[in-house]
Amino acid sequence: MMMSRSAMKLLSTATVRTIRGGGEFRRGFFALGARNLSSTVSAVREKPQTEPGSRSAAGHSGFEGGDKSVVSYWGVAPVKLTKEDGTEWKWSCFKPSEAYKADVSIDLGKHHVPRVWTEKVAYWGVKMLRLPTDIFFKRRFEMRAMMLETVAAVPGMVGGMLLHCKSLRRFEHSGGWIRALLEEAENERMHLMTFMEVAKPRWYERALVFAVQGIFWNFYFVAYVISPKVAHRAVGYLEEEAVHSYNEFIKELDSGNIPNVPAPAIAIDYWRLPPDSTLRDVVMVVRADEAHHRDVNHYASDIHYQGLQLKEFPAPLGYH
């Protein structure tokens, strides 16, 4: 393709400036880029936002309860969500379609008896994790729940990430297990978001959470790489301990040692609880979730212990 004289002259000038002094060229280049960027931004600002069918943020005002509108050059704007009764949905961390009713009829007493030495290591390792929690928090179960959920939300994310990478390396499906484990991690995170409305951690408790999460994340990552079957078994035992902790939490609520305050609004919407629900109702549905996670992880461990792969068995998506 033939270049115009003006273009060749511009290229020649730029080349000479580059040879003689890189600093001069860089200054000229960035100045040109700044002018072009300024022109682009001005054009975006001056572009009318009332075009028919346009996805402007003006059409989504009132998101999160405010009147703010965000102009997005890329056409990405928050969507105003509503509940089934037409009232405004005020949560951005989950959608109405992700809310559900917990199955509280699940068997809470299930326990996998450790048989081989690897299972015994997983079992007693989890038991040892209880000691610092018992010493530090004692009977402050709202704080114990907060600490528990910061740890329990890690395995699903780590396992899902490693299975995701494995799926990419081997060009194979995961049988839905990536999504199942990430669902578990998200569910545990929502437990934490709920208990943050009840427990107000002090600065040193936040520091403890930061340290414990960092140590546990790296430990579980290495454990899952070495032996997924032991890692899943350990999580199964961790969830058994979670069920036990929430049993004690409910006893404290029933005895009046912990005030049975109204349920946080986020819990009422996430678990579709009645408007007059209390903290006890929240603990019951959280306990049911933990029991479901217990079953899923013990099931995943059983698959591995039989010498099989998770992808050979459909994952229990939405089991909780």
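Helices (DSSP runs of H or I, at least four residues) and strands (DSSP runs of E, at least two) are numbered from the N terminus. This is a predicted model, in which local features need pLDDT of at least 70, side-chain atom pairs count only at pLDDT 80 or more, and totals for chains, interfaces and linings use all residues. Residues are numbered from 1 along each chain as its sequence is written, and side-chain values use heavy atoms, with hydrogens and water left out.

**Fold and burial**

The protein has nine helices and zero strands, so named under the DSSP rule above. Of its 320 residues, 38% are buried, where buried means under 20% relative accessible area, exposed means over 50%, and partly exposed lies in between (1.4 Å probe, protein chains only).

V286 sits in helix α9, residues 279-305. With a relative accessible area of 0%, V286 is buried. Its C-alpha atom is 6.8 Å from that of H191, although V286 and H191 are 95 residues apart along the chain.

**Salt bridges**

A salt bridge is a side-chain nitrogen of Lys or Arg within 4 Å of a carboxyl oxygen of Asp or Glu. By this rule there are eleven salt bridges. Three of them are listed here.

| Pair | Closest N to O distance |
|---|---|
| E119 and R233 | 3.0 Å |

E119 and R233 form a salt bridge. E119 lies in helix α3 and R233 in helix α7, so this pair ties together parts that are 114 residues apart in sequence. E119 is buried at 5% relative accessible area, and R233 is buried at 1%. Together with D302, E119 and R233 are linked in a network of salt bridges.

E172 belongs to the loop between α4 and α5 (177-195) and K311 to the segment after α9, so the pair ties together parts that are 139 residues apart in sequence. E172 is partly exposed at 21% relative accessibility, and K311 is partly exposed at 40%.

**Largest pocket**

A pocket is an open set of points on a 1 Å grid over the protein atoms alone, where a 1.4 Å probe fits, with protein on both sides within 12 Å along at least five of seven lines; lining residues have an atom within 4 Å of a point. The largest pocket has a volume of about 500 Å³, taken as the space filled by probe spheres set on the points, which are joined across faces, edges and corners.

Its lining comprises 24 residues, and L129, R130, T133, M147 and V151 lie nearest the centre. The helices α3 (117-137) and α4 (141-170), α6 (203-226) and α7 (228-255) each supply at least two lining residues. The most come from α3, with seven residues. The lining divides into 19 nonpolar, two polar and three charged residues. Here Ala, Val, Leu, Ile, Met, Phe, Trp, Tyr, Cys and Pro count as nonpolar, Asp, Glu, Lys and Arg as charged, and the others, Gly among them, as polar.

**Surface patch**

Y73, W74 and V76 make a nonpolar surface patch of about 450 Å². Patch residues have over 30% relative accessible area and no salt bridge, with nonpolar side chains (Val, Leu, Ile, Met, Phe, Trp, Tyr) joined within 5 Å and like charges within 9 Å. Accessible areas come from the Shrake-Rupley method with a 1.4 Å probe; for residues, only the protein chains shown count as cover. V76 is in the loop between α2 (22-46) and α3, and is exposed at 62% relative accessibility.
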